[in-house]
Amino acid sequence: MSSTKAFVDHYLPALLGQAWYLVSTQFHEVVEQHGLSVLEWRVLSTLASNGPMTISVLAEKAVSKQPTVTRLLLRLEAQGHVERATSRDDRRYTLVRVTRNGRRLVAGLIAMAQEHERTILEPLGQQKIDTLKDILQEIISRHRPS
């Protein structure tokens, strides 16, 4: 680390936070223009992309606390965007899945998000893009709660 640079200029959490903020803020405006909160977008797009999952896994992937996601799911279920059911494999778990209505709600936004990502990453070149994503996925995997 260079002594001429401030600590946060090289501190991983600060760099990740700044990058996240700069990259996501633009797209969050698009999400809100389509009538969704950022958390609604994260939850619905996660379910649309990954299929049914437990509330705890959904909260982790949506970067939110489980009680917050649980309250949101009650609203989304009342609006017909998600359904909850007991897991067939283990009746202690509730699985959440997106409905056709919910999938339709985020389908266009998912395509816009992919284009937004492409615009941001394309100047880096495919090798750097792959390396960046591989490293981030490894960090997430190593630090994910058990």
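These figure legends walk through one predicted protein model, one close-up at a time.

Before you start, residues are numbered from 1 along each chain as its sequence is written, and side-chain values use heavy atoms, with hydrogens and water left out. Because this is a predicted model, local features need pLDDT of at least 70 and side-chain atom pairs count only at pLDDT 80 or more, while totals for chains, interfaces and linings use all residues.

**Figure 1. The whole protein, before we zoom in.** You're looking at six helices and three strands; here helices (H or I, at least four residues) and strands (E, at least two) are DSSP runs, numbered from the N terminus. Follow the sequence along and you get the pattern α-α-β-α-α-β-β-α-α. Taken along the principal axes, the C-alpha atoms fill a box of roughly 55 × 35 × 25 Å. Of the 146 residues, 28% are buried. For that label, buried means under 20% relative accessible area, exposed means over 50%, and partly exposed is in between (1.4 Å probe, protein chains only).

Figure 2. How much of α2 is enclosed by the rest of the structure? Largely, it is enclosed, because eleven of its 13 residues are buried. Among them are Val38, Trp41, Arg42 and Leu47.

**Figure 3. A nonpolar patch on the surface.** Leu12, Leu16, Leu124, Leu132, Leu136 and Ile140 make up this patch, and together they have about 470 Å² of accessible area. To count in a patch, a residue needs over 30% relative accessible area and no salt bridge; like charges are joined within 9 Å, and nonpolar side chains (Val, Leu, Ile, Met, Phe, Trp, Tyr) within 5 Å. The areas come from the Shrake-Rupley method with a 1.4 Å probe, and for residues only the protein chains shown count as cover. Helices α1 (12-33) and α6 (126-143) each supply at least two of the patch residues, and α6 gives the most, with three. Leucine 16 sits in α1 and counts as partly exposed, at 37% relative accessibility.

**Figure 4. The largest pocket.** Its volume is about 2100 Å³. On a 1 Å grid over the protein atoms alone, a pocket is an open set of points where a 1.4 Å probe fits, with protein on both sides within 12 Å along at least five of seven lines; lining residues have an atom within 4 Å of a point. The volume is the space filled by probe spheres set on the points, which are joined across faces, edges and corners.

Figure 5. The structure holds seven salt bridges, each one a side-chain nitrogen of Lys or Arg within 4 Å of a carboxyl oxygen of Asp or Glu. In α6, arginine 142 and glutamate 138 are four residues apart, about one helical turn, and their side chains meet in a salt bridge (2.9 Å, N to O). Arginine 142 is exposed at 64% relative accessibility, whereas glutamate 138 is partly exposed at 40%. Elsewhere, salt bridges that share partners join Glu115, Arg118 and Glu122 into one network. Arginine 118 pairs with glutamate 115, their closest N and O atoms being 2.5 Å apart, and glutamate 122 pairs with arginine 118 at 2.9 Å. Arginine 118 and glutamate 115 both lie in α5, three residues apart. An α-helix has 3.6 residues a turn, so residues three or four places apart point the same way.

**Figure 6. Threonine 70 and isoleucine 55.** Threonine 70 has its place in helix α4 (residues 66-78) and is partly exposed, with a relative accessible area of 26%. The C-alpha atoms of threonine 70 and isoleucine 55 are separated by 7.1 Å, with the two residues 15 apart along the chain.
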